[in-house]
Amino acid sequence: MVSVIPPVDERFRDSSLPVDERVEILLAQMTLEEKAGLFFHAMISMGEDGALSEGDKEFDLPSNAEYVLDRHMSHFNLLTGGSPSAMAAWNNRIQELARSTRLGIPITISTDPRNSYSDNPLAGLLAGSFSVWPEALGLAAIRDEAVVREFADIARREYLAVGIRVALHPQIDLATEPRWARQLDTFGEDVELTSRLGVAYVEGFQGRRLGRESVATMVKHFPGGGPQKDGEDPHFAYGREQVYPGGRFDLHLEPFRAAIAAGASQMMPYYGMPVGTEYEEVGFGFNRSVITGLLREQLGFEGIVCTDWGLINDATVDGEPFPARAWGVEDLSPRQRMRKAVDAGVDQFGGEACPELLVELVEAGEISEARLDESARRLLSEKFVLGLFDDPYVDPAEASRVVGAPAFIAAGLAAQRASLTLLTNREGEAGRRALPAAEGRRLYVEGIPEDVAAEYGTVVADPVQADLAIVRIHAPYEKRSTAFENYFHAGSLEMNDETVSHLTDLSQKATTIVDVFLDRPAILSPVLDTAHAVVANYGAHPRAVLDVLFGRAAPQGRLPFDLPSSMAAVEASRPDVPFDTVDPRLRFGHGLSY
């Protein structure tokens, strides 16, 4: 006997109906396979010039068509980019592809941060055509909710123009372990500042209420990723443990309480597993006591919970094996991991694309279809609220006008300048401080393009001939054995002897200004003691830095964390306790002005 598929009841497309009613009309018609497809939020690439992709060998991704037509998936994290018009054209093509399916469920496109100088395929993307701002630490250095809200609103408009509807950020973890590799995208070490700026960020992207002009935020990493043992990153097995020797687990919840109150639409649990607490010692994405007990029941979060990327299956990325981040459940099979995560209360699996496994679990009676419906309602509801069922298309010409608009670029540069933090500014023999420097002098530069430096003075090749030496350096970190590990700067915060010797030598030849990129709170004592002035940046164009050094703009930034005095102090501190290193060299909030 041939089964007859009933005609689709199109009433769910009626925008005059309440969202809850539209969800129920659609859900009642969905097959098990279509429901399962909603649970997966996979990485995706776009083809050249906005064409649909036939797959991505680097990240071992299938074609866009296979995702949508064969696996019934409709949530994707866009890894690649292009011109704004090409991104908009690709959005329209993949939405057309989705519209051709039986129910025509629209695609929800998400992205990691893409408005900065970062280039980490596992955490953030180069800005490309988008406006460029300081990293979140830089926004924290400015300490102004209005600037954070302005950034988020501009990024929202740029995202909307190309069809991106979910921001896989903000990251509102407290940076309490000085060695932790993920501090750059946080608002620093202070709970009050992080909570305030996190709310401004959510409101800038979503508005006061989620709607058609919103970009939904996926706040991370619940319940706070800062207390990593030895500061290691839980993308890797040696960084899987989160520890709380100071008993401050609840402190790390405060920014999330504020974000929930502000209406954050989605939440991402961290990879790490809590050790020595009341909670089960498994990764947070598998942790029912944390997701259902704490997040849902105690904190009252009603939105979408999406796991961090790659909890279920091992992967291969650019030829390198990348094991699943299944901490505490490594011995379970992918099928068993999936069941445990669903039982824990998650609605989606980030970075996974195996809906057939979920179908098997339901057909075997290990997960009920009613449980799938619970999450499907949340996932479909957000699509309706965002207006994707009504009009998922964007205008490529408008995208070209909006993304990277001159006013947006100018606002980003202004924020870069404002974030710069003047750490020291010594007096010379004549009693004049090193900064602001006079323009038109002879300049020796490292880490700055000579053509940019030439706008401020005469560039010379030998520091002995210079009036002023300007050097840009990076906060120290330990080199690791694989490419992916080196995307996450971890390990010692001490500067190596070669760098210290070089900067000391320069300081003896010319007035030396050091600009250091602080993605972690480096131990800068050797530089602070020898350089004539030291400035911290958190992602800034060379021209933004030089504008401040030469007085075209004033430094306004304040440190978003303490700068420790030694590695011994760091190692003795408690990872869950803010401001816990003994006798820090510079305190949170330090910053000089002209």
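Hi everyone, a definition to begin: helices (H or I, at least four residues) and strands (E, at least two) are DSSP runs, numbered from the N terminus. With that in hand, histidine 72 is found in the loop between helix H3 (64-70) and strand S2 (75-78).

Before I go on, a word on the source. This is a predicted model, where local features need pLDDT of at least 70 and side-chain atom pairs count only at pLDDT 80 or more, while totals for chains, interfaces and linings use all residues. Residues are numbered from 1 along each chain as its sequence is written, and side-chain values use heavy atoms, with hydrogens and water left out.

Histidine 72 has a phi near 60°, a positive value in a residue other than glycine. For the cut-offs, buried means under 20% relative accessible area, exposed over 50%, and partly exposed in between, with a 1.4 Å probe and protein chains only.

Aspartate 230 also has a positive phi, of about 60°, although it is not a glycine. You will find aspartate 230 in the loop between S5 and S6, and at 40% relative accessibility it counts as partly exposed.

That loop, between strand S5 (216-222) and strand S6 (241-243), also holds proline 223. The peptide bond from phenylalanine 222 to proline 223 is cis, with omega near 0°. There is a cis bond from leucine 435 to proline 436 as well, again with omega near 0°. Proline 436 sits in the loop between strand S13 (421-425) and strand S14 (441-446).

Now, the inside. A nonpolar core here is a set of buried Ala, Val, Leu, Ile, Met, Phe, Trp, Tyr and Cys residues joined through side-chain atoms within 4.5 Å. The largest one has 124 residues, and those with the most contacts inside it include Phe222, Tyr67 and Met338. Which helix gives the most to this core? Helix H6 (residues 145-162) does, with 10 residues. Apart from that core lies another, of 31 residues, among them Leu184, Ala469, Val514 and Leu518.

Taking contact as heavy atoms within 4.5 Å, and not counting residues up to four places away in sequence, its partners include Leu253, Phe256, Met267, Tyr270, Phe284 and Leu299.

Next, the sheet. Two strands pair if DSSP finds at least two bridges between them. Six strands form an open, mixed sheet in the order S13-S18-S17-S16-S14-S15. Its edge strands, each pairing on one side only, are S13 and strand S15 (457-459). Strand S17 (residues 511-517) and strand S18 (residues 533-537) run parallel and are joined by five bridges. Valine 514 stands opposite valine 534 in S18.

Last stop: helix H14 (residues 406-419). Its 14 residues reach 20 Å from first C-alpha to last, close to the 20 Å expected at 1.5 Å a residue; the expected span is 1.5 Å times one less than the number of residues. The buried residues of H14 are Phe408, Ala411, Gly412, Ala415, Gln416, Ala418 and Ser419. Seen down the axis of H14, they fall within an arc of 165°, so they line one face of the helix; the arc is that of the directions from the helix axis to the C-beta atoms. On the other side of H14, Pro406 and Ala407 are exposed. What do the buried residues of H14 pack against? Their partners are helix H5 (136-142), H6, helix H13 (396-402), S13, S18 and helix H18 (542-549).
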